[in-house]
Amino acid sequence: MICPYCSAELPDDAQYCSECGGDVTVTQTQLAKTSHADAHTNISRVSGEIEKQRNAKLGVAVVVGVSAIAVILAIIGLALLF
Ligand SMILES: [Zn+2]
């Protein structure tokens, strides 16, 4: 394996780097977890964005519909007043 700290060539079963003394096992596990978590976060974020855009479109449609009803009600109200 390669030391993630100093890029030194190490035996595959090394736990500590013989060059810089870094904890190779922990770092490799953390790196694997981190990249996996990042990929998962990216997927979640992308689907979240799509969901947000869908909700935004729905929200616009609702606002337009409510506004149209409000305008119609206002016209009816004015017509009844006069
Ligand atoms: Zn090292």
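Mentor: A residue is called buried if 20 or more other C-beta atoms lie within 10 Å of its own, exposed if 12 or fewer, and partly exposed in between, with C-beta atoms placed from the backbone. Met1 counts as partly exposed because it has 14 C-beta neighbours inside 10 Å. Please keep in mind that this is a predicted model, where local features need pLDDT of at least 70, side-chain atom pairs count only at pLDDT 80 or more, and totals for chains, interfaces and linings use all residues. Residues are numbered from 1 along each chain as its sequence is written.

Trainee: What share of the 82 residues in the protein is buried?

Mentor: Buried residues account for 4% of them.

Trainee: How many helices and strands are there in the protein?

Mentor: Helices (H or I, at least four residues) and strands (E, at least two) are DSSP runs, numbered from the N terminus. Here the protein has 1 helix and 0 strands. Helix H1 covers 24–81, and Met1 lies in the segment before it.

Trainee: Which residues does Met1 touch, leaving out those up to four places away in sequence?

Mentor: Two residues are in contact if their C-beta atoms, placed from the backbone, lie within 7 Å. By that rule, and with residues up to four places away set aside, Met1 touches Leu10, Asp12, Ala14 and Val24. Met1 and Val24 are 23 residues apart in sequence, with 9.2 Å between their C-alpha atoms.

Trainee: And what does Tyr5 touch, with the residues up to four places away not counted?

Mentor: Tyr5 touches Cys17, Cys20 and Gly22 on that count. Tyr5 also lies in the segment before H1, and is partly exposed because 14 other C-beta atoms are within 10 Å.

Trainee: Is Ser7 buried or exposed?

Mentor: Ser7 counts as exposed, because it has 11 C-beta neighbours inside 10 Å. Its phi is near 65 degrees, a positive value in a residue other than glycine.
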